[in-house]
Amino acid sequence: MTLLVEDLQQVCLIEAIQGGFPLCNRPFREIGTQIGLTEAEVIGMLADLQARGVIKRMGIVVRHHELGYRSNAMVVWDVPDGQAAGIGHRITAFDFISLCYRRRRALPGWPYNLYCMIHGRQRDEVNDQIRRLMVDCRLEPFPHKVLFSNRRFKQRGAFYVAPGTTCEV
Amino acid sequence: MDQTIHEPRVPRSLAPRAPEAESRLAPLEQRLLDLYQRDFPLCPEPYAEMAHRLGVSEATVLQLLRDLMARGIVGRVGVVFRPGRCGASTLAAMAVPSERLEEVANLVSGFPEINHNYAREDALNLWFVVTAASQEHLKETLGRIATASNLEVHSMPMVETYHVDLGFRLGGH
């Protein structure tokens, strides 16, 4: 396993929490009970995973679709790799942008390397936002595509450890 | 379990109203989500600490969260891992003939390695995120999807991320 977490205890912890924390008075004690750790050990390991950037966020995970944000557009551009970071950081300054990254192109059919995600309540609103973005970030010269999602088949947190494979106590 | 979505083609007044009503947040719910999409308290009684800051009881916080989960607005309370720091992941896409979209989407969703799976308006019309414990497992999963669907799977792995994930910005435009 090539996880960037070294030890089996951490893998067990990730397995135990990837579906969410229990909703009870002492959630970390309950997690610890499942995997043979004390409450303090669970808290310490979570703090460590967070400090090392393995965990980027801890808290309530919201499902935007159910909140009425149903127009979700992925916008992609083909920009020179060397300019992607500069443009990407300008894009993230807009508060309607939820994700922005550079990805590897899938050539020959897919030359796009800069991606961002916009969630809005209405398609018109999202199209207006994209227009503003293109002007302000000087993205007009670059080939781009707007891919609205018209259907969601699955949305949940990532499972890095197949449930039930490693860590029975 | 997931509902399909629909750009509203029906006039607003004729559209079913329940989903809109369900998605409306009470002021306390909005405060809870504004404060705690990140910085979940790492202490023995985190929900009690959240309750203290919100000026309500721990039982109220737990009930609000259960209720938001039952309405589908909250997926879970927990962690979001940074892609690339834990295991391996990629964004993948396929060009699925429209008459097979439902079938192939269900096939893809059936893999435990898939966490997001959306239809999008493009020749590449099915997009999904694949997450696995290792690069080998990731590659094998993409191969299994290609074989099972008899379609090509394109992979666009992350090179660099530019946003800071602060959770979903509520109500802000």
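Begin by colouring the two chains separately: 72 residues of chain A are in contact with 70 residues of chain B, two residues being in contact if their C-beta atoms, placed from the backbone, lie within 7 Å. This is a predicted model, in which local features need pLDDT of at least 70 and side-chain atom pairs count only at pLDDT 80 or more, while totals for chains, interfaces and linings use all residues. Residues are numbered from 1 along each chain as its sequence is written, and chains are lettered from A and ligands numbered from 1 in the order in which they are written.

**The interface, seen from chain A**

Select the side of chain A that touches chain B. Elements that each supply at least two of its residues include H1, helix H2 (27-35), helix H3 (39-51) and strand S5 (144-155) of chain A. Helices (H or I, at least four residues) and strands (E, at least two) are DSSP runs, numbered from the N terminus. S5(A) gives the most to this side, with 10 residues. By class, the side holds 38 nonpolar, 17 polar and 17 charged residues. Here Ala, Val, Leu, Ile, Met, Phe, Trp, Tyr, Cys and Pro count as nonpolar, Asp, Glu, Lys and Arg as charged, and the others, Gly among them, as polar.

Next, display S1(A) together with strand S1 (residues 74-81) of chain B. The two strands run antiparallel and are joined by 7 bridges; strands pair if DSSP finds at least two bridges between them. Within this pairing, Ile55(A) stands opposite Phe81(B).

**Chain A as a whole**

Chain A has 5 helices and 5 strands, in the order α-α-α-β-β-α-β-β-α-β from the N terminus on. Of its 169 residues, 41% count as buried. A residue is buried if 20 or more other C-beta atoms, placed from the backbone, lie within 10 Å of its own, exposed if 12 or fewer, and partly exposed in between.

Colour residues 8-51 as domain 1 and 65-148 as domain 2 of chain A; these bounds come from an automatic or database domain assignment. The C-alpha centres of the two domains lie 36 Å apart.

Now select Ala16(A), in helix H1 (residues 8-17). Ala16(A) counts as buried because it has 22 C-beta neighbours inside 10 Å. Leaving aside neighbours within four places in sequence, Ala16(A) is in contact with Ile31(A), Gln34(A) and Ile35(A).

Move to Pro108(A), in the loop between strand S3 (97-103) and strand S4 (114-120) of chain A. A cis peptide bond, with omega of about 10 degrees, joins Leu107(A) to Pro108(A).

**Stops in chain B**

Show chain B again and select H3(B) with helix H4 (residues 58-70). Their axes come within 8 Å and cross at roughly 100 degrees, axes being lines fitted to C-alpha atoms over the stretch in contact, with angles from 0 to 180 degrees between N-to-C directions. H3(B) is therefore roughly perpendicular to H4(B), a term covering 65 to 115 degrees. Residues making the contact include Tyr47(B) and Leu54(B) of H3(B) and Glu58(B) and Val61(B) of H4(B). The contact residues divide into 7 nonpolar, 1 polar and 1 charged.

Select Asp39(B), in the loop between helix H2 (27-36) and helix H3 (46-54) of chain B. Although not a glycine, Asp39(B) has a positive phi of about 60 degrees. Asp39(B) counts as partly exposed, with 13 C-beta neighbours inside 10 Å.

Finish at Asn150(B), in the loop between helix H6 (135-149) and strand S5 (154-156) of chain B. The phi of Asn150(B) is also positive, near 60 degrees, and Asn150(B) is exposed, with 8 other C-beta atoms within 10 Å.

Methods:
Angles under 35 degrees count as roughly parallel, over 145 as roughly antiparallel, 65 to 115 as roughly perpendicular and the rest as oblique.
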